[in-house]
Amino acid sequence: MGSNSTKRRGDVAAKVVFAASAAFSVFAVFAIVFYIIYESIPALSEIGVFNFIFGTVWAPTKEFLAIPDRFGVLPMIVGTICVSLGAVLIGGTMGVFSAICLKAFCPKKLKGPLVAVINFLAGIPSIVYGFFGLVVIVPALMEIFSVASGKGVLASSIILGMMILPTVTSMTKDALDAVPSSYYEGALALGATPQQATFKVTVPAAKSGIITGVVLGMGRAVGETMAVMVVAGNVAAFPTGLFSNIRTLTINMVIEMNYATGLHRQALIATGSVLLVIVLALNLGIGIARRPKKYREKKRAAKLVAEPQPSAPPAFVKSGRGCTVLKYLSIVCVALVALALLTLVIFILVKGLPHIDLQFLFGESGNEGMTLRPAFVTTGLLILIALAIALPIGICAAIYLAEYSKRNSRMVRVIRLFTETLSGMPSIIFGFFGMLLFCEFMQMRTSILAGGITLSLMILPTVIRSTEESLLSVDNSLREASLALGAGKLRTTLRVVLPSALSGIITAIILSIGRIVGESAALIYTAGAVPYEPSGVMDAGSSFAVMMWLFASEGLYIDYAYATAAVLLIVVALINVAVWLVKHRLAVKAFGSSGKRAERKTAKIKEAK
Amino acid sequence: MKQTTQTVFDFSGEIAVKVQSLNLHYNSFHALKDINCEMRRNAITALIGPSGCGKSTLLKTLNRMNDLVEGCKIEGTVCVGGVNIYDKRTDVSLLRKNMGMVFQRPNPFPMSIYDNIAYGPRTFGVRKKSDLGEIVENSLKAANLWDELKDQLHKSALALSGGQQQRLCIARALAIKPEILLMDEPTSALDPISTGKIEELCEKLKEELTVVIVTHNMQQAARISDDTAFFLLGELIEFGNTEKIFASPEKEQTLNYISGRFG
Ligand SMILES: Nc1ncnc2c1ncn2[C@@H]1O[C@H](COP(=O)(O)OP(=O)(O)O)[C@@H](O)[C@H]1O
Ligand SMILES: [Mg+2]
């Protein structure tokens, strides 16, 4: 009887497939890094690495041929660092304080809504932030500081700050939640007030997690493209003040790519390499900073609580007022965040909703009026392609991580690190990679197919993480029950564990759809930026966010831009609600429906009999 | 790659399970110390002892569920139906087909009642609707559940009460026609009425198969089992006829335990 050994061979084959899928993230990161660097070599060898990085003049077009070192990206590097630091200063600080407020000082009833606000902010597409900056923040700055142009360093920092705030807040909150509550209680027992216990014990104990969150946020700011592009002013010069127009590395890549040729084009790709190196360095920094420190800090915090000096109370009493000030500061931060979201949503809905009608949403797009129909078609196709690729790979990878590998083995840690690295890569890097590899090398040209494949790489980490999380939360006794019935590992995983993890997979799908609907930088040079309707996946097409960018960058269509922004916000809201519903309601409902399906099946069988 | 020997279980003998000088370590922790015992066919053997003494561990070595535990080392032999199950060539899947297992907490799969029971047979290749229907009916009848559930086979198993869920788990285990049923404190999470139903069921089941039951409840062991094994700190202190063990134990520790002085 060979069935036994064939079964085993099937098991082995499945394991190989799962392992290969898990290794795919590692492969993807290497592929992106090496391909971008490889494509940068011509420019770097022609210009010279030193001249390129430390050159102060960027004059890439033909008429400047006479200038000697005309490909220098230093102004862009400085510009990037400048606005990223600004973003950390504004968004990072507010994010940390918001998290502290949510953890320690927020009434229970407000916690849910405020977390929803943070999640909502996280879901808003870059282009909407940029647009909000352009129509609200920039004019406001002009008014407040009475300057001629509100664009530049400050406006970019504010917008980027808003964008990184959710990342910082949620990471900080996780870090604070991970601090044993005994520290806090211990401090209270020593006579500290809640705010003293929070700021003197809990926050220091969570320091490494908080720093990780801030650095991660900084990484996002460095890689952000569309939002800054709208408010930075885009002049390739060194910043000299808050209202200096500047250009970041990402902006440089995106605004010149559509007309650059020859060395200019190669230099833009090399700009991508510089960006990549900065982002990877930040990621690596996080990876290194994460582990060893944690232990030291925990010990120190424990000491703070456990061994008060003989003259104990003064340590707390002295700093009493400072902590109270910090407490109110954190409350103000949360209020400001909520206010910012409210302003953004109300402003865009008020300006946008009046222009939404059936004709604009679904009508034929033509010369007499542009509509969103092409965006519906394109975005739908992009979602299908990206999910068709990312779901199988991501689910298999998650199965490998959760079911087939030893928890926290070195291999799992490596795969996780690379998955996080992949999720931290800037959109525009994906865009360039897709353009170079899929559109050009594989000759897909600018097409929805190329865009969809590019997006699949971007959503892969979300799929893996969400699925893995829910696989790990499946009760182990179900696995035991299946194995005890003689089922193999593969059958147990596919038939019992995976269906129980359905909610995680659905969450992954919803989050991926949100990401795709809002994506622009990765799509402009892969799927294209054209206003007309595609007739197939080999055509170019614009997703919602790209369409909005088209509307916004042509002054004529500003109402359309508002309307599209409103549509995008509604989608973000729906996505958030859907994720919430899946998390809180699905377990019962999904089962009910499959039960019903089975019921219908037996009814049929009975009839047949 | 043909396997030369194939696992053949033979349950016609008087002894269904024979454990010989079994030692088990979880990493450096010695969880079972030189265990020797036999489980008679068509009898109920109860494993009793204070919690942490290794009852569940022994039960899991009988169907090799300990294979899943990292750092678990096993020495000695365990013979089931005449086969040394820790032999490399043993087909673990086939072993488990012969050893039904019921866990402490009811753990039905999140599927319909029907699919829960059909899961095992489907694993072993039963596909035909009529065959599956028959198996489901027989298993539910064997677990005294048929009359309660015959009209709602396609309801979620999770919608059942705790006691029903546990009997469903027994039915699920019976569906692959095991020779031996391993039960790990099957009633500890249930109310007295459900407990009574399951005890009744055990008595009925032993006509057909061999039952090994872990229990925390001394009265339960005394009520339903034929043989009793008393464990303490990984050692098998006393093993033998239930009536004799409860009436006149040989060891003082046994006496202390059954008279409720510790545990
Ligand atoms: N997977 C495991 N890893 C390490 N030690 C374990 C494991 N499972 C059980 N043990 C230990 O083995 C001993 C016996 O456990 P168990 O067989 O579950 O006891 P019982 O079922 O009698 O209460 C306990 O001390 C327990 O801590
Ligand atoms: Mg136990």
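Some ground rules come before the tour. Residues count from 1 along each chain as its sequence is written, while chains are lettered from A and ligands numbered from 1 in the order in which they are written. Because the model is predicted, local features need pLDDT of at least 70 and side-chain atom pairs count only at pLDDT 80 or more, whereas totals for chains, interfaces and linings use all residues; side-chain values use heavy atoms, leaving out hydrogens and water.

Let's start with chain A. Its domain assignment (bounds of this kind come from an automatic or database domain assignment) gives domain 1, 14–40 + 356–609, and domain 2, 48–291. The centres of the two domains, taken over C-alpha atoms, are separated by 25 Å. Their contact (heavy atoms within 4.5 Å) takes 36 residues from domain 1 and 31 residues from domain 2 of chain A.

What lies between these domains? To answer, we need the nonpolar core, a set of buried Ala, Val, Leu, Ile, Met, Phe, Trp, Tyr and Cys residues joined through side-chain atoms within 4.5 Å. Buried here means under 20% relative accessible area, exposed means over 50%, and partly exposed is in between, with a 1.4 Å probe and protein chains only. The largest core has 231 residues, and Val128(A), Leu344(A) and Val80(B) touch the most other members. Helix α16 of chain A, residues 373–404, gives the largest share, 18 residues. (Helices are DSSP runs of H or I with at least four residues, strands are runs of E with at least two, and both are numbered from the N terminus.) Domain 1 and domain 2 of chain A both give residues to this core, so it lies between them.

Setting aside residues up to four places away in sequence, Leu344(A) touches Ile124(A), Val128(A), Tyr129(A), Phe132(A), Met162(A) and Leu569(A).

Chain B deserves a look as a whole. There are ten helices and ten strands in chain B. Its radius of gyration is 18 Å, close to the 18 Å that the globule rule gives for 263 residues, so chain B is as compact as a globular protein of that length. That radius is taken over C-alpha atoms, and the rule is 2.2 Å times the number of residues to the power 0.38. The C-alpha trace of chain B spans about 55 × 55 × 35 Å along its principal axes. Of the 263 residues in chain B, 55% are buried. Among contacts in chain B with a separation of 6 or more, 68% join residues 24 or more positions apart.

Within chain B, helix α3 (residues 113–123) is mostly covered, with nine of its eleven residues buried. Among them are Ile113(B), Tyr114(B), Ile117(B) and Tyr119(B). Which elements do these buried residues pack against? On the chain A side there are α20 (476–484) and α21 (489–500), and within chain B there are α4 (129–142), α5 (146–149) and α6 (162–174). Just after α3(B), Gly125(B) takes a positive phi of about 90 degrees.

Asp34(B), with phi of about 45 degrees, is found in strand β2 (residues 29–40) of chain B and is partly exposed at 46% relative accessible area. Arg64(B), with phi near 60 degrees, sits in the loop between α1 (55–62) and β4 (72–80) of chain B and is buried at 14%.

Finally, the cysteines. A search of the whole structure finds zero disulfides over all chains, a disulfide being a pair of cysteine sulfur atoms within 2.5 Å. For Cys106(A), the closest cysteine sulfur, in Cys101(A), is 5.6 Å away, too far for a bond. Cys106(A) is buried, with a relative accessible area of 11%. Cys202(B) is in no disulfide either, and the nearest cysteine sulfur, that of Cys169(B), is 14 Å away. Cys202(B) is also buried, with a relative accessible area of 1%.
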